[in-house]
Amino acid sequence: MVDFKALETFLWVVTLGSFRGAAHKLNTTQPAISQRIAQLERELGVRLLQRDHRMASPTPSGRQLMLYAEKLIGLRTEMLAVVGDQSSMRGVLRLGVAETIVHTWLPRLIERVNRLYPNLSLEIEVDITPNLRARLLAQEIELAFLLGPMTASTVRSRVLCEYAIGFLASPSLGLGSGPLAVEDLARFPIITFPRKTQPYEIVRSLFNKPELPPIRLHASASLGTVVHMAIEGLGIAVIPTAIVENELADGRLQLLQTDLKIPPLRFSASWLASPDTVAIERVAELAVDIAHTGGFMPETVPEAAPDAAQLRDILPAREPAIG
């Protein structure tokens, strides 16, 4: 009799393209995976996989089985999640997060996960979007909150939130409350996101003009460091205003008035399509809900990347990585 473990094993072999990958994902050995597939083929009386140069791909019969196996596994997982005790959702979910979200609503998400799914542990890693994207595709993380959405055919995404970018400085710089031109801002060092990110490239292109003095652009992978440097009067920070609400409220930083426009940062939750994604999707849904109730959700959510025309006007011809 065909069992769920054999079907799940078959789906992971097809999804990952190898017995080794499936063995690693299911925390077992390659011989055990081979044995399950062989038993499944014996029970169905057909060959399900083609093995070629260490890669496994479904036969025509295997592709037919995939349609039914995905439905069965999905229904079983949905049944357990809806009917069963929420505490039964257990294990470890590897979550990659862009730092902007760490400074806004990530603590609320962790609290909600702890309360609703007490047996589900989060392994959280903070990184820039290019690295998060690469790690998600390499299956080193299972869910990513990153600038996006990702467009790969194997990736599912939900829009999370949008953050306006502001020019922020210590009152000690004496920039006042009036409108400032790019020439006024260029007199000071600019502090922003790390290299190889979209915000960095946009900021660099804003100030990299012949009529302006050579840009002094400080980049940091730590937004906490950027904020601290701005408070100390070491330059003008170009970062999301949402992460410095306290500093703005108590006067340690001020939001500068300028005609320079930077497209807002739109973040998405992204994960790989796979046989069993209920835990991932539940956490992604919680993240969407928290971002929405926190006032960070954009009023309208287009399918494409944000402000493409605006990006073309600002960015150089080479398309930078998203950060």
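Student: At what angle do the axes of helix 1 and helix 3 cross?
Tutor: In general, you describe a packed pair by the angle between the two axes and by the distance between them. Here helix 1 (residues 4-16) crosses helix 3 (residues 30-44) at roughly 110°, the axes coming within 9 Å. Helices are DSSP runs of H or I, at least four residues, numbered from the N terminus; axes are lines fitted to C-alpha atoms over the stretch in contact, with angles from 0 to 180 degrees between N-to-C directions. This is a predicted model, so local features need pLDDT of at least 70, side-chain atom pairs need 80 or more, and totals for chains, interfaces and linings use all residues. Numbering starts from 1 along each chain as its sequence is written, and side-chain values use heavy atoms, leaving out hydrogens and water.

Student: How is helix 1 oriented relative to helix 3?
Tutor: Helix 1 and helix 3 are therefore roughly perpendicular (65 to 115 degrees; under 35 is roughly parallel, over 145 roughly antiparallel, the rest oblique). K5, A6, L7, T9, F10 and V13 of helix 1 touch I33, R36, I37 and L40 of helix 3 (heavy atoms within 4.5 Å).

Student: And helix 6 with helix 12?
Tutor: Helix 6 (residues 106-116) packs against helix 12 (residues 278-293) at about 135°, axes 10 Å apart, so the pair is oblique. R108, L109, R112, V113 and L116 of helix 6 meet V283, L286, A287, D289 and I290 of helix 12.

Key
Helices (H or I, at least four residues) and strands (E, at least two) are DSSP runs, numbered from the N terminus.
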